[in-house]
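Here is a report on side-chain contacts and packing. Look at the model first, then read on.

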Amino acid sequence: MTKIIGLTGGIGSGKTLVANYINSLGFPIYIADNEAKDIMNNQRVVQQIAIAFGNEVLENNSVDREKLSKIVFNNPDKLQILNAIIHPLVKKHFDNWLNRHVDFPFVFKEAAILFESGSYKYCDKIITIIAPLETRIQRVVERDKTSRENILKRIQNQWTDEQKIAKSDFVIHNISVKETYNQINQILKKLQNQ
């Protein structure tokens with residue numbers, strides 16, 4: 001049976017770098033965050049979000065993700081409501097994707113909130129990517145053109161690195177690209193030998 005390898009890490013830890021490298025080696029990788037964004041474009045989901053959060057989160061009949069994130073990142077209860085709309089749909093989509101990849105001994109599921117969403121329970125092994133806090137903040141400031149304050153709010157809504165590491169099978173310290181690739185190669189060898 002195909003094993004599911006969870007891939008996670010806090011904002012700015014380098015999940016995309018790791019996911020792209022693993023994918024370049026020929027391993028199937030499911031990017032849960034991309035699917036969640038696609039699901040938010042579904043008109044039924046747009047209507048559910050409008051009912052839950054009000055029409056002010058809509059712009060031209062689609063969800064204004066920036067307005068929505070301002071609401072949910074400051075309010076754990078509202079975040080839970082949003083997750084209850086999105087997560088079951090992402091899980092269903094992932095299950096269908098998995099059925100198309102049963103010929104592989106293992107596949108990867110990349111998700112920023114693998115632990116927070118509870119989807120780690122469906123993974124056979126988990127890899128957590130970590131990086132120093134200041135490095136993460138700098139990466140996200142450059143990537144998203146957002147404020148340090150916004151990034152810290154998002155970090156506070158995610159599990160700490162310590163919490164993630166405690167439930168992980170492997171940890172990647174993403175500081176230099178070359179060293180990160182070496183760590184991935186070692187983990188892939190271990191996975192293939194199990």
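K91 lies over the face of Y122, 4.6 Å from the ring centre. A charge counts as over a ring if NZ of Lys or CZ of Arg is within 6 Å of the ring centre and within 35 degrees of the ring normal. K109 sits over the face of F94, also with 4.6 Å to the ring centre.

This is a predicted model, in which local features need pLDDT of at least 70, side-chain atom pairs count only at pLDDT 80 or more, and totals for chains, interfaces and linings use all residues. Residues are numbered from 1 along each chain as its sequence is written, and side-chain values use heavy atoms, leaving out hydrogens and water.

**Salt bridges**

K91 also has a charged partner. Its side chain meets that of D95 in a salt bridge, at 2.9 Å from N to O. A salt bridge here is a side-chain nitrogen of Lys or Arg within 4 Å of a carboxyl oxygen of Asp or Glu. By this rule the count is seven.

| Pair | N to O distance |
|---|---|
| K91 and D95 | 2.9 Å |
| E59 and K67 | 3.3 Å |
| R136 and D161 | 3.9 Å |

K91 and D95 are four residues apart in helix α5 (residues 76–99), so about one helical turn separates them. Helices are DSSP runs of H or I with at least four residues, numbered from the N terminus. K91 is partly exposed, with a relative accessible area of 31%. D95 is partly exposed too, at 30%. The cut-offs are under 20% relative accessible area for buried and over 50% for exposed, with partly exposed in between (1.4 Å probe, protein chains only).

Now the pair of R136 and D161, joined by a salt bridge with its closest N and O atoms 3.9 Å apart. This pair links distant parts of the chain: R136 is in helix α6 (residues 133–144) and D161 in helix α8 (residues 161–166), 25 residues apart. Are R136 and D161 buried or exposed? Both are buried.

E59 is partly exposed at 38% relative accessibility. Elsewhere, R143, D144 and R154 are linked in a network of salt bridges.

**Aromatic pairs**

The whole structure holds ten aromatic pairs. One of them joins F106 and F108 edge-to-face, with 5.8 Å between centres and 80 degrees between planes. Rings of Phe, Tyr and Trp (its six-membered ring) pair if their centres lie within 6.5 Å; planes under 30 degrees apart are stacked, over 60 edge-to-face, and the rest tilted. F106 is buried at 5% relative accessibility, and F108 is buried at 0%. F115 and Y120 form a tilted pair, 5.2 Å centre to centre and 50 degrees between the planes. F115 is buried at 2%. Ring pairs also link F27, F106 and F108 into a cluster.

**Nonpolar cores**

Which residues have the most contacts inside the largest nonpolar core? They are I49, L68, L82 and I86, in a core of 31 residues. A nonpolar core is a set of buried Ala, Val, Leu, Ile, Met, Phe, Trp, Tyr and Cys residues joined through side-chain atoms within 4.5 Å. The elements giving it two or more residues are α2 (32–39), α3 (43–53), α4 (65–72) and α5. Helix α5 gives the largest share, eight residues.

L82 touches M40, I49, F53, L68 and V72, not counting residues up to four places away in sequence. Contact means heavy atoms within 4.5 Å. A second, separate core has 18 residues, including Y21, I127, I187 and L188.
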